[in-house]
Amino acid sequence: MTTDSQPTASKAGRNLPAAIGVGVALGAGLIAVLALVPRVWFGVVAVAIAVATWEVAKRLREGDRHVALIPLLVGGQAIVWSTWPWGLPGALVAFAATALTILAWKLFSQGLSAAPHEYTRDTSLSLLVLAWIPLMAVFAVDMVQQGVGDDPGGGRYRVFTFLIVLVCSDVGGYTAGVLFGKHPMVPAISPKKSWEGLGGSLVFATVGAVACAHWLLGTHWWVGLVLGPVLVVVGTGGDLVESQVKRDLGIKDMGTLLPGHGGIMDRIDSLLPGAFVTWCVLTALL
């Protein structure tokens, strides 16, 4: 079935020409940033999490769930940018400071003479958004500062690997799902995901991870055998988590900024947990 907003929706539910065009443009921009000025990656991530946080907060507020938007936006930036000079310890301090700010912000959101409305629910949701978006994102920016071999700027190759493997997973899952998908994986959460699509993701992502391990990271090929499948599982899980949140809210997409993809949050839902897992695997094995 097609709609006015998605006149060329594919079997997988996307406006395919728009999705491809946006994906290619985003990919080209990220390649240029990481290849030429890798420190600008901090700015790219900072902007992305600000927009994603705003999208999620807006959707929650539409459902009468009032998260602490200003502390989330300001604190999210503090978490990302603190990673530049101080690494993950700086991000952790900024995260804790923002969490305390959220608790106080919601406590006095109705003024000093009135009790806050739905304090437990709204502070819990605010802390969930804080951990879900900016905290996971710091692992993506921290990777760009990690050297590879004798190259102090080689962290860009770790980020390239992280992005390439998840793109391979997305392409493999989409292709296999459209061509062979017959058995829904979790129809109650995401009806369009199939076991065949998951198999395609595993094959494409593992091949991509092995290639990146050999040619980009200059390490043992078997590192890709570990990274590829783990990223597929975690990335799929991240996508399912966002799908369930959207199902709870009764919406299709978090936003409309990216034609064919939805909002920024709809594009980075698998990247956020994927960044954490990639950081862990590469830090442990390289």
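**Charged pairs**

Colleague: What is the relative accessibility of Glu-62?
Modeller: Please keep in mind throughout that this is a predicted model. Buried residues fall under 20% relative accessible area and exposed ones over 50%. Glu-62 counts as partly exposed, because its relative accessibility is 47%.

Colleague: Which residue forms a salt bridge with Glu-62, and which residues are linked with it in a network of salt bridges?
Modeller: Side chains of opposite charge can pair when their charged atoms come close. Arg-59 forms a salt bridge with Glu-62, with the closest N and O atoms 3.1 Å apart, and these two residues are three residues apart in helix 2, which means that they are separated by about one helical turn. The partner of Glu-62 in this bridge is therefore Arg-59, and the network links Glu-62 with Arg-59 and Lys-58.

Colleague: How many residues apart in sequence are the parts that Asp-170 and Arg-267 tie together?
Modeller: The side chains of Asp-170 and Arg-267 meet in a salt bridge, at 3.5 Å from N to O. Asp-170 is partly exposed at 27% relative accessibility, and Arg-267 is likewise partly exposed, at 22%. Because Asp-170 lies in helix 5 and Arg-267 in helix 8, the pair ties together parts whose separation in sequence is 97 residues.

Colleague: In the salt bridge of Asp-239 with Lys-193, how far apart are the closest N and O atoms?
Modeller: The cut-off for such a bridge is 4 Å between nitrogen and carboxyl oxygen, and the pair of Asp-239 and Lys-193 meets it at 2.6 Å. Asp-239 lies in helix 7 and Lys-193 in strand 2, so the pair ties together parts that are 46 residues apart in sequence. Asp-239 is buried, with a relative accessible area of 19%, whereas Lys-193 is partly exposed, with 22%.

**Two domains**

Colleague: How far apart do the C-alpha centres of domain 1 and domain 2 lie?
Modeller: The domain assignment of the chain gives domain 1 as residues 38-145 and domain 2 as residues 148-285. Between these two domains, 21 residues of domain 1 are in contact with 27 residues of domain 2. The distance between their C-alpha centres is 23 Å.

Colleague: Which elements give two or more residues to the side of domain 1 that touches domain 2?
Modeller: Across this interface the rule finds zero salt bridges, although a search of the whole structure finds eight. Five residue pairs are in polar contact between the two domains. The elements that give two or more residues to the side of domain 1 are helix 2 and helix 4.

**Inside and at the loops**

Colleague: What is the relative accessible area of Leu-231?
Modeller: Leu-231 lies in helix 7, and beyond the residues up to four places away in sequence it touches Phe-162, Val-165, Leu-166, Thr-236, Gly-274 and Thr-278. Of these, Gly-274 and Thr-278 are among the buried residues of helix 9, and helix 7 is one of the elements that cover the buried residues of that helix. Leu-231 is buried because its relative accessible area is 0%.

Colleague: Where is Asp-64 found?
Modeller: Most residues other than glycine have a negative phi. Asp-64, however, has a positive phi of about 65° although it is not a glycine, and with a relative accessible area of 43% this residue is partly exposed. Asp-64 is found in the loop between helix 2 and helix 3.

Colleague: What value is phi of Glu-118 near?
Modeller: Glu-118 lies in the loop between helix 3 and helix 4, and counts as partly exposed at 38% relative accessibility. Its phi is positive in a residue other than glycine, with a value near 50°.

Notes. Residues are numbered from 1 along each chain as its sequence is written. This is a predicted model: local features need pLDDT of at least 70, side-chain atom pairs count only at pLDDT 80 or more; totals for chains, interfaces and linings use all residues. Side-chain values use heavy atoms; hydrogens and water are left out. Buried means under 20% relative accessible area, exposed over 50%, partly exposed in between (1.4 Å probe, protein chains only). Helices (H or I, at least four residues) and strands (E, at least two) are DSSP runs, numbered from the N terminus. Contact means heavy atoms within 4.5 Å. Domain bounds come from an automatic or database domain assignment. A polar contact is a pair of N or O atoms within 3.5 Å; within protein, one must be able to donate a hydrogen and the other to accept it, and residues adjacent in sequence count only if both atoms are side-chain atoms.
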